Amino acid sequence: MSCREPQLAELLGPFALGACDDDEAARVRAHLPECADCRRRLEELEPVRLALLEDVPPVRPSPAVRATLMAQVREESDLFQAAAAPGAPPSAAPGPTRGRSPRNGRRWLDRARRPRALAVLAAALAALVVAGIAIGGGSGPAPRSIGFAVDRRLAPRGSAQLVVDGGRGRIEVAGLPAPAAGRRYQVWVARGSGRPRPTSALFDVDGRGDGAVDVPGSVADYDQVLVTDEPAEGSRTPTGAVVVRGRA
Amino acid sequence: MVAPRDPAAAVADAALLERVSAMDADAFEVFYDRHAAAAYALAHRIVGARPAADDVCQEAFLAVWRSAGAYDRRLGSARSWVLTIVRNRAIDHLRRVTRTKEREMHDDALDQRHPAPPGQGTEATALRRAADAETREVLDELNADQRRVIELSFYSGYSQSEIAGMLELPLGTVKARMNRGLTRMRNALAAGGPS
């Protein structure tokens, strides 16, 4: 059966080449499910599109591209695998509503159980911007404040710091967006190359985006702190974006 | 002593992507090594400069890392999926650059990135032909006019209307050249490859 909308059929070539404007492309996409003839014609053009994609002598990118890419990938992988590993759930609440099995970095996961939010979290990791540097002194009993990184896409005017006093840490934030209904900010900690662990530290922010929470345990037990947007009862698996991150 | 091979190296692309979707960095590394050269070459051809191609390549593979779960093997090979991502990112990059006040300057550079078709006697054309000799040369199936229209479309991201304006041709002429060129390439590939 031939296409009843020849003007759309004429767009198949440009569509295959990516040469349609947004309006044309939308019309073709809407048309394809209802026109077997156009689907077939588009399939016939697929080898051409693939040939054009590869009609270039291969050239390897610089080693720096690989090194930078893999460093970021491994960092994000470690974060997610850490959150999936056995660990203490937040004590402020019964823990996750979605049960998850322990697993390691090489184990295949059930794709259906991987929340879409993980991709968002990963994207947020990439956009972290260092917001400040240590403010206070580095030794002695006096409290010291350490500037933390804030994801500028999520909190353009946000700031965060870890205040260390008497061997214990306290996260103080300003200008952070309020989490959606039913969600709160949660603190995660990590030490060395170990995987981040969820903590019971959950907090909200006021109308100005200000908030604070004590980080459980001694600062000697961790050297990295993250804050993510999680279900109100807390989670042992990251499900939301990393908003704040820094080294203690 | 021979180090044991990474078992992932023997895994098919689709299975690798499934592992990547589970945040398996080792699987991603294998996938990257397998396709980086083709991806980078495509990015470089489109954006025309190594630093920009580096950025595009890195950005595209990060997208692969973060959205591998979206890959659907029913819609094509993993290689075409990643190369399509590279192509789209590279075109986005070009549009960000060229659709600013620098557009006119950049248009001049188009002639260097996409040199005149064979027969017009430029040094760039000779270099390009030498490079293309190692490829499937599907574009060599086309006459000069068809090739130019399809290159401007596929490797520079111009719409048919934009190409018509750029080349000072009636829109119908651009459409006809594009469609005839696509038909020739399709027939050549169906017959077993470029002649």
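Of the 195 residues of chain B, 51% count as buried. The model is predicted, and chain B within it is built from 9 helices and 0 strands. Read from the N terminus, its elements follow the order α-α-α-α-α-α-α-α-α. Among contacts in chain B with a separation of 6 or more, 61% come from residues 24 or more positions apart.

Buried residues account for 48% of the 248 residues in chain A. Of the chain A contacts between residues at least 6 apart in sequence, 56% join residues at least 24 apart.

Two packed helices are described by the angle between their axes and the distance between the axes. In chain B, the axes of helix H2 (residues 25-47) and helix H3 (residues 50-67) come within 9 Å and cross at roughly 140°. That angle makes H2(B) oblique to H3(B), since angles over 145 degrees would be needed for a roughly antiparallel label. The crossing of H2(B) and H3(B) is right-handed. On the H2(B) side, the residues that meet H3(B) include Phe28(B), Phe31(B), Tyr32(B), His35(B), Ala39(B), Tyr40(B) and Val47(B). Their partners in H3(B) include Arg50(B), Asp54(B), Val56(B), Cys57(B), Phe61(B), Val64(B) and Trp65(B). By class, the contact of H2(B) with H3(B) has 16 nonpolar, 2 polar and 2 charged residues. An α-helix has 3.6 residues a turn, so residues three or four places apart point the same way. Among the H2(B) residues in this contact are Phe28(B), Tyr32(B), Ala36(B), Tyr40(B) and His44(B).

Further along chain B comes helix H7 (residues 144-154), where 8 of the 11 residues are buried, so this helix is largely enclosed by the rest of the structure. The buried residues of H7(B) are Gln146(B), Arg147(B), Val149(B), Ile150(B), Glu151(B), Leu152(B), Ser153(B) and Phe154(B). The N-terminal end of H7(B) is capped by Asn143(B), with a side-chain oxygen 3.1 Å from the backbone nitrogen of Asp145(B). With a relative accessible area of 5%, Arg147(B) is buried, the cut-off being under 20%. Between Arg147(B) and Leu182(B) there are 35 residues of sequence separation, yet the C-alpha to C-alpha distance is 9.6 Å.

Helix H9 of chain B is a partner of H7(B). The two helices pack at an angle of about 95°, with their axes 8 Å apart. That makes H7(B) roughly perpendicular to H9(B). From H7(B), the residues Asp145(B), Gln146(B), Val149(B), Ile150(B) and Ser153(B) take part. They meet Val174(B), Arg177(B), Met178(B), Arg180(B), Gly181(B), Leu182(B), Arg184(B) and Met185(B) in H9(B). By class, the contact of H7(B) with H9(B) has 6 nonpolar, 3 polar and 4 charged residues.

H9(B) also packs with H8(B). The axes of H8(B) and H9(B) come within 9 Å and cross at roughly 115°. That makes H8(B) roughly perpendicular to H9(B), and the crossing is right-handed. Gln160(B), Ser161(B), Ile163(B) and Ala164(B) of H8(B) make the contact with Leu171(B), Val174(B), Lys175(B) and Met178(B) of H9(B). By class, the contact of H8(B) with H9(B) has 5 nonpolar, 2 polar and 1 charged residues.

The loop between helix H8 (160-167) and helix H9 (171-190) of chain B holds Glu168(B). Phi of Glu168(B) is near 55°, a positive value in a residue other than glycine. With a relative accessible area of 72%, Glu168(B) is exposed.

Asp37(A) sits in helix H4 (residues 36-53) of chain A. At 11% relative accessibility, Asp37(A) counts as buried. The side chain of Asp37(A) reaches the backbone nitrogen of Cys3(A) at 3.3 Å. A polar contact of 2.7 Å also joins the side chains of Asp37(A) and Arg40(A).

Note on methods:
Residues numbered from 1 in each chain as written. Chains lettered and ligands numbered in written order. Predicted model: local features only at pLDDT ≥ 70, side-chain atom pairs only at ≥ 80, totals over all residues. Heavy atoms only, no water. Axes fitted to C-alpha atoms, helices over the stretch in contact; angles between N-to-C directions. Helix = DSSP H or I, 4+ residues; strand = E, 2+ residues; numbered from the N terminus. Parallel < 35°, antiparallel > 145°, perpendicular 65-115°, else oblique. Left-handed = near helix turned anticlockwise from the far one by under 90°. Contact = heavy atoms within 4.5 Å. Nonpolar A, V, L, I, M, F, W, Y, C, P; charged D, E, K, R; others polar. Buried < 20%, exposed > 50% of the residue type's maximum accessible area, 1.4 Å probe, protein only. Polar contact = N/O pair within 3.5 Å; in protein donor to acceptor, adjacent residues only side chain to side chain.
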